[in-house]
Structure formats: C-alpha cells, structure tokens
Amino acid sequence: MFGKILNIEDAYVTLENASHKLDANYLNFHVVFPENNRAVVGEIISMNEQTIKVFLVGEINNGVFTSGVIKKPNFNSTPRLVYKSEVELLLGSQDISSKDNLYVGKSVNYEGYNISADINNFFANHFAIIGNTGSGKSCGVARILQNVFYHNDEAMPVNSHIVLFDAYGEYNNALSNINNLPQMGYKYFTTNVQSNGDLVNIPAYFLEVDDLALLLNATSATELPILEKTLKLVYIFKGQSSAMVTYKNDIIAEAILDLLSSGRSSTQIRDQVTAVLTRYNTKDINLNTPIVQPGYVRTLRQCLNIDNQGKMNAVQYVVDFLEKFQKLNLTTIEVDKSIVYDLDDLYYALEFALISEGMLKSEKIYDEYSQLKTRLQQIINSDNKKFFAPGERRISKGEYIKRLFMGPKGKVQIVNMNLNYIDDRFAKVLTKIYTKLFFDYATLLDKRGSFPVHIILEEAHRYVQNDNDINVLGYNIFDRITKEGRKYGVILGLITQRPSELSNTALSQCTNFIVFRMFHPNDLKIVSNISSNVSMETIEKLKSLTSGTAIVFGMAFKLPLIVKIDLPNPMPKSSSLDIKSVWYDSEN
Ligand SMILES: Nc1ncnc2c1ncn2[C@@H]1O[C@H](COP(=O)(O)OP(=O)(O)O)[C@@H](O)[C@H]1O
Ligand SMILES: [Mg+2]
C-alpha cells in the first residue's frame, strides 16, 4: 500500500498511495519507518487515492517507544504498518491486572487491544478530565476508579487516599461497593442536613485566618488582622484558666477606656459602654461592679449617669478603676490551644475584635469590616453552621485526617464528599479549606509524599478559578497545589466541562489528560495548546466522539490515543434528567 516518501514537512510525512485504492480504512493506524538502529513511528491522519498523510509521533529504540521525533525518517526508508508485537509499545501494557498498570479502556483503532497507563506516571501527577456535559466524564472517572480497585489481582492500593468532591452526588452509587472488598474502605459524607448520613464536618476550631477570610468573603488583605485578633480572642474569652480571666479583664478594660475617650457625646458613650458591658463582662468588670471612692460606693453603671448639664460626672472614677488593669500586647499572649469552640464563640470574639479596633467609634471601620460580621451571622443562622460543629473533644488536624481515612474495617481509600446540597460559593470555600488542610498536613510529614492524597474535583471550573485570593491571602490554594503539591504527594484531578474557565495555572500544570467530546472553539484551542504532540486532526476528532470515548494523552501515555472506556458497573447516579420516565410515569 505504501509507496515512497513524497514530502516531509514539520512532523508530517506525505506518502505515495501505491495501490491507488481506498479499500481499507487505515486511518489512525500507525506506520513504522524502519531505520538502521531505530524506527520512526507515525499515525495515518488522512488518505486519498494518490497520497497518504502521516503525522510523526515517536520512535522505537531497542523495543521501547518514546514519543517525539528528533530525527525525521530517511526519504529512502520503506514504511510499513505497525506489527502486532509493536502495538503494545504504543498502547501500554496489555497486562491490565498488574498493579503497575492502570487499565483505562479499549483501543478504538486496534480492535481487541487495551489501553493502559503506567500507574505511577498517572497518579503521581495532576490530571484533568475534560468534555462537554454528557460526554462521559463522570462515568469515566467512576470506571477508572473501579479499575484501580477491581482490576488488580496482585495487590490492593491500601494506602491510597482519594477524596472526591462530588458536586452532584453521583458517585456514591458507583463506588460504595468498594467497601465490600477485602482491605478496602469507602466513606461517604453529605451536605444534606435532612439526611441521616454523616455530614461533611470541619470543626470550627480548625479554621485559620485564611480559612475565615474565605468563609467570610474577605475582600482585602486589610481584613486579615481583624481575623487574626478574633482567633486570639476566642481562646481568651473561652478559656477558664486564671491567666485567661486576667487577659479578659484587661482587654475589656482597654476597650471601655477606648470608648470613654472617644470624644463622642455623653449619651452615646454611656449607651455604648453599657451595650459592650452587657455582652462582654467578667466578675471583676461588669455594670454592677462597685467603684469605691473614699466614703462612697457606686456601681459602674451609676458612674455613667449623666447629670442635667449633660455631663458624666463620675466618669473619671471609672477611668481610674479600669486603668488599674494592665495593658496587654495581644501578640505576646500565650493562649491555651486545647479548648473546643464553635462558630458562636467565633462570632463573639469577632464582634469584640471589631469593637476593640474601633468599630463603634468610626463609621469608616464599621463600613470596612461589618460585612465580616454579617457574613458570619448568616452562616450561623443557616444550616451551613452544622458543618462546623466542633464535637466534644478537641482533635488535632493530623488526627482528623487519620480518622477521615479510617473506617470500621480499617483503612479507608476513598472519601466521597457530596456537595450537592450547598450553593456554589460555599462549596468552593469548603473545597479550599479541605484542600489546604490536606496540603498543610502533607507538607509537615517527616517523610515527604508518604501520605499521598488525591483530590478529585467534579465541576472543577467552579472551584479552581482566577480568584481574588491572591490579593487577599497572597495565594490561591489550588494554584499552590498545582505548582507544589506533587512533591508532597497532594495531587489534583480536575473534572470540567469548561477548561477555559479554569485558572490558567491549574490546567498548564496537569500532566495527564482524558478529553471527551467537546465543541466549543475556545475549549478546543485550550486542549491543543496544552499538548504539543496532539495533532490538529486529533483535536478535530474531539467534536464527534461518542459518549464514553476519549482522547488520552500526557506523561502516562505513550502517545495520544483514542480510548473507549467501559461503562462503570455499578453506574454513577446520572445527573442528567430522564424526561421520559418522569413525563410518562403515572405514579409520579
Ligand atoms: N463509557 C461509556 N460507554 C457508554 N456510554 C457512556 C459511557 N460514559 C457515559 N456514557 C453515556 O453518557 C451519559 C452521560 O455520561 P456522564 O458520565 O454522566 O457524562 P458527563 O459527566 O460528562 O456529563 C451516561 O449516562 C451514559 O449513557
Ligand atoms: Mg458529570
């Protein structure tokens, strides 16, 4: 069939169609150009009665295929179709029950052949799964995870930790059976507060400044010191030790002194001090504390009385009384970090932090920071509060993560977080808080990468975006992980129908891609930009792939391949609407 080489231009070789016939469909089959001690490999991308066009994809040297062609074939070499024995070099090992190989699916071009990836090259790197709605992403992910756990006769991945953020609650059906396998564990958490299931839970005391900033929608870095102060104060207000009581007195005294010297009208000052002391008081400082002057005792409240001249006559006694409490430098205070607190406690502390920063005195400060308070109040008033319940006893983050991956039978490998019942903004915050938790944990391990965590994000474009986080926190956790996560064993799997909406950094740091059907020119362009060895013809093919068929490429694959992924068994619960069964169901 193949005649001589007519033309070589870039990575394209044009061959003579020696038979001048189109009797067989060789499109997408591979052609080998044998050379002295190597063989150049190309893919047939188009043919007509005169010519056959081949895209060069790699070389075979000593029985090993490497993608990329350094030296083009000689004009006098005689091309031939790839031998059966060579196909495995291109498609990956056919031994799909080996623990070294990840079975992905069946080859579309080479009937009867499997496509597999080197498991290390696949799961040691970030990956992206892209395609239009309904193109087969969720089924593909479910099936690949099933393959990891079922297609493995040698050994089970007991020390894998996969966290799936399941935007539509689809995966429970497909993955819960993994729990029945020996040595394997699967856990499911939900955001449906009405259900009996375990709720997604991050104890309130885990929330750090950055987490609070995300949760409370901080819009500028200037809000961070308030949150820092809040976190300091919550321990002081909640702590029972004598040191904490002393601190409490000091900071209340200071805040009241501040109000007394604010220069506002007597009535305003009286009302504010009364309001603050009603909510924030100790046995030493409260509205009924006796203020003793020689021969005369009045309560603090009485000292705030205003005479008919509009003056607070006895205010100096209050000042004298409060000044006896020493002034504190919050930054040097050692707090007892073993206490448990909840969102209400945080609110109490935040409110006080705002008062002590002058919120009651300055409208500017009020305007700048009051939304933090409002937002926290909204969360407390909503069902979302339930996700931050602290539990009885304080546990460390390390203990929390260990428990997360521990079940009644022992180790748990897959944790599924169903985020279907919360709004996008809140879901994004939760995924970020979790992701940071895993990343922080991984960076502190003595042995780097000894506790790999795979974070798989459905609808990743909702979470991994070019956010304002950079301006507020100085980083975006997802960008940080895409850049630094690999070396600590924190790996992202991004599933998305909108690659163009994903943060630029994230996609460019992915190493492996499974791309299902896609139409939009912007998305196609992005896919062609991320890989140098995917031909334009292959990109074109993305438009017409059937559901469940994908083009895979990246480090774990020898070259871009078209794969038909098996349907998962059991299936995920589909997120697509079944009109027929609803419209015509008389029971409904
Ligand atoms: N591997 C597959 N083989 C055959 N059909 C598939 C396959 N994957 C998906 N489909 C079909 O496409 C539908 C949508 O798949 P799904 O994975 O939910 O798409 P996506 O997550 O991309 O929106 C499935 O309900 C199924 O009918
Ligand atoms: Mg889906």
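1. Shell of ligand 1. By class, the residues around ligand 1 are three nonpolar, nine polar and one charged. Here Ala, Val, Leu, Ile, Met, Phe, Trp, Tyr, Cys and Pro count as nonpolar, Asp, Glu, Lys and Arg as charged, and the others, Gly among them, as polar. The shell holds 13 residues, and the closest are Gly136, Lys137, Ser138, Cys139 and Gly548; a residue is near the ligand if its C-beta atom, placed from the backbone, lies within 6 Å of it.

2. Basis of the model. This is a predicted model, in which local features need pLDDT of at least 70 and side-chain atom pairs count only at pLDDT 80 or more, while totals for chains, interfaces and linings use all residues. Residues are numbered from 1 along each chain as its sequence is written, with chains lettered from A and ligands numbered from 1 in the order in which they are written.

3. Overall form. The C-alpha trace of the chain spans about 120 × 55 × 50 Å along its principal axes. The radius of gyration of the chain is 32 Å, whereas a compact globule of 588 residues would have one near 25 Å (taken over C-alpha atoms; the globule rule is 2.2 Å times the number of residues to the power 0.38). The domain assignment gives domain 1 (2-91), domain 2 (101-199 + 396-583) and domain 3 (209-384), with bounds from an automatic or database assignment. The centres of domain 1 and domain 3, taken over C-alpha atoms, are 77 Å apart.

4. Secondary structure and burial. The chain has 20 helices and 22 strands, which are DSSP runs numbered from the N terminus (helices H or I, at least four residues; strands E, at least two). Of the 588 residues, 41% count as buried. Buried means 20 or more other C-beta atoms within 10 Å of the residue's own, exposed 12 or fewer, and partly exposed in between, with C-beta atoms placed from the backbone.

5. Strand 11. Which residues cover the two faces of strand 11? Ile162, Leu164 and Asp166 lie on one side and Val163 and Phe165 on the other, and all are buried. Five of the five residues of this strand (residues 162-166) are buried, so strand 11 is largely enclosed by the rest of the structure. In a regular strand the side chains alternate between the two faces of the sheet.

6. Neighbours of strand 11. Strand 11 runs parallel to strand 17 (residues 414-418), joined by five bridges, and pairs in the parallel sense with strand 18 (residues 453-457) over four. Pairing requires at least two DSSP bridges between the strands. Phe165 has Met417 as its bridge partner in strand 17 and stands opposite Leu457 in strand 18.

7. Helix 1. Leu89, Leu90 and Leu91 are buried in helix 1 (residues 84-91). Their cover includes strand 3 (30-34), strand 5 (51-61), strand 8 (101-107) and strand 22 (561-564). Gly92 follows the helix with a positive phi near 100°.

8. Backbone points to check. Most residues other than glycine have a negative phi, and most peptide bonds are trans. His20, in the loop between strand 2 (12-17) and strand 3, has a positive phi of about 50°; His20 is exposed, with 11 other C-beta atoms within 10 Å. Gln183, in the loop between helix 4 (172-175) and strand 12 (186-190), has a positive phi of about 70° and counts as exposed, with 12 C-beta neighbours inside 10 Å. Asn569 and Pro570 are joined by a cis peptide bond, omega about 0°; Pro570 is in the loop between strand 22 and helix 20 (579-583).

Key. Two residues are in contact if their C-beta atoms, placed from the backbone, lie within 7 Å.
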